[in-house]
Amino acid sequence: MKYISIYRITVIVWMSMKFLIRIYWFEKRHRIWDQDTKRKWEEMLSDQAEEYRRKAVHLGGLLIKFGQFLSSRGDLLPSSFIKELEGLVDRVEPVPFYRSKETIEEDWNASVDTHLSTIEETPVASASIGEVYKAYLKDGTPVAVKVQRYRVKDTFRMDFRALKIVFWMLNKFTVYGKKADLPALYREVVRVISNELDFTMELENGRHFKKRFGDFPSVYIPEYYSDLSTKRVLVMEWVEGTKITDLSFIKKNGIDREQIARTLFDLSIAQFLDAGMFHSDPHPGNLMLKADGTVVVIDFGMVGEIKQEDADALRTMVQGFILDDYDRVIEALQEMDFLLPNADTERVKKLLKQTTEMYLDGNFDKLDAHMMNDMLSDLQQFVKDQPIQLPADYAFLGRATSIIIGVLSAVYPNIDLIQWGRPVIKQWVSGDGSNASLYTEVIKETVRPLLSFPRALIEYLEDGDKEREWKSYHQRNRLFHQFYLVYTAFSFLIFVSGVAALYYTLVVPVLPSVWISGVFMGVGLLGFFICSIKHVRMLKGIHHNRRDEQ
């Protein structure tokens, strides 16, 4: 039955229609969204996600891969649904070995014995797209042979037709048609998943990672056998090891858990921040550990790519957050195609600013993996509520980041992500390994409040709603914080000008006397110390007030 087209399409479309009808009826019956309604809503979504997971395990094929794809789309689905899909493991019943043998011999145009001395008939791994077998070449070299499942292309072709119907229904009868570009999203799904059906793509990806990270400390990428690999058969080096989260193996071999985490952290940073490909499915099954502590990365079927222009835009966006310049953030989001054409940029800007300030008011010294995941969840909720649609590569990037944080926490629970990441992010934000560009922008942004301060004061005085009171304690502190920064910097510039004047007076006598440069130096130094002292006192006062409030 699973291979009958009409059966698969009917099951998938009917399940989707049932979900939509239940959601519509629930919203009709519950006009008031109190805590009890929200609880029932979450329960209903969890039931639907559980049903989807059961159907996916039963049918296999696209439903498993699409479920994994959806688990990265916090901009489209609620967290309760995603949480259930995150547990959707791509592990299915293996096909009979003779089917896999037929595929190998058809693609090799020769019998298995021509290139292999032996091949184990029980697969070491079985997924929705392929089976993996351990085999030995004629010279005795152990290899892993990945073989495409029987009729998998036919199965996915049927499921794509069903999915197209589902997307049409969503586009016509739900609000998602207005919030998301569903036709573009469907094309993304087809492109991403179709690439996995062509093992030559995985071969090229693996060779790319081998070339890029071949010399990366304590990291190993297996070799691939191009002459034996085809669109349906992939032959690679066999690596002895275990999952990276196998703590008993780590203890048995005396491997330093912190060192494992550091290796994985550095490898992830190199992939997620720099232009190029990144592994978009780095779960423990695809991250192995050798007895000597080497981290082995396998399975490059699902990869994303950060283009250079996107990397530059992402850096610009982070600089915008640092410099409190949300126009720059919006511009970067538009360059990366995050914002849909109907997005209200002013509203998005305001919400971004509010969200950022909320976290800045928190205690980042206590930031750990759990808080990082909470922040990612909040970000997903924010994106879901706005006219924002993440391109597939960035959705996969977010999913990969979340998976890596979980793996790092499992391997080394005492990890301090802020301490490890601070120097890396500082260098990355500055660009080209230099702090010059960021510091230049900091100076520009620091001078800006000097010009805007009188205008801000006038606007305050003209605002009758404030009744001659500051809008909020936080706003007042922010304003004076910028004020002291500006005048401290201004005083320092006066001092430097005095030093320069003194130099030119002594070396190139262009000034009538030394006392002018001395006045500049004295005024600048005095202003610098006065502003610095008052600034420090203000910051201490803020700290004491926050501590008293807690």
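**Tour of a cavity, a sheet and a helix pair**

About 60 Å³ of space lies in the largest cavity of this predicted model. The structure holds three cavities of 30 Å³ or more.

**Stop 1: the largest cavity**

Select Leu 264, Leu 267, Ser 268, Gln 271, Phe 272, His 279, Pro 282, Leu 287, Val 297 and Ile 404, which line the largest cavity. By class, this lining has seven nonpolar and three polar residues, with no charged ones. Now colour helix 11 (residues 257-273): five residues of the lining come from helix 11, the largest share.

**Stop 2**

Zoom in on strand 5 and strand 10 (residues 295-297). These strands run parallel and are joined by two bridges. Select Val 219 to find one end of a bridge; its partner in strand 10 is Val 295.

**Stop 3: helices 1 and 2**

Move to helix 1 (residues 5-29) and helix 2 (residues 35-59), which pack at an angle of about 180° with their axes 11 Å apart. Angles over 145 degrees count as roughly antiparallel, so helix 1 is roughly antiparallel to helix 2.

To see the contact, select these residues:

- On helix 1: Tyr 7, Arg 8, Val 11, Ile 12, Met 15, Lys 18, Phe 19, Arg 22, Ile 23, Phe 26 and Glu 27.
- On helix 2: Thr 37, Lys 40, Trp 41, Met 44, Asp 47, Gln 48, Glu 51, Tyr 52, Lys 55, His 58 and Leu 59.

Colour the selection by class: the residues of this contact divide into 11 nonpolar, three polar and eight charged.

Technical notes: Residues are numbered from 1 along each chain as its sequence is written. This is a predicted model: local features need pLDDT of at least 70, side-chain atom pairs count only at pLDDT 80 or more; totals for chains, interfaces and linings use all residues. Side-chain values use heavy atoms; hydrogens and water are left out. On a 1 Å grid over the protein atoms alone, a cavity is a set of points where a 1.4 Å probe fits but cannot get out, and a pocket is an open set with protein on both sides within 12 Å along at least five of seven lines; lining residues have an atom within 4 Å of a point. Grid points are joined across faces, edges and corners, and a volume is the space filled by probe spheres set on the points. Helices (H or I, at least four residues) and strands (E, at least two) are DSSP runs, numbered from the N terminus. Ala, Val, Leu, Ile, Met, Phe, Trp, Tyr, Cys and Pro count as nonpolar, Asp, Glu, Lys and Arg as charged, and the others, Gly among them, as polar. Axes are lines fitted to C-alpha atoms, for helices over the stretch in contact, and angles run from 0 to 180 degrees between N-to-C directions. Angles under 35 degrees count as roughly parallel, over 145 as roughly antiparallel, 65 to 115 as roughly perpendicular and the rest as oblique. Contact means heavy atoms within 4.5 Å. Two strands pair if DSSP finds at least two bridges between them.
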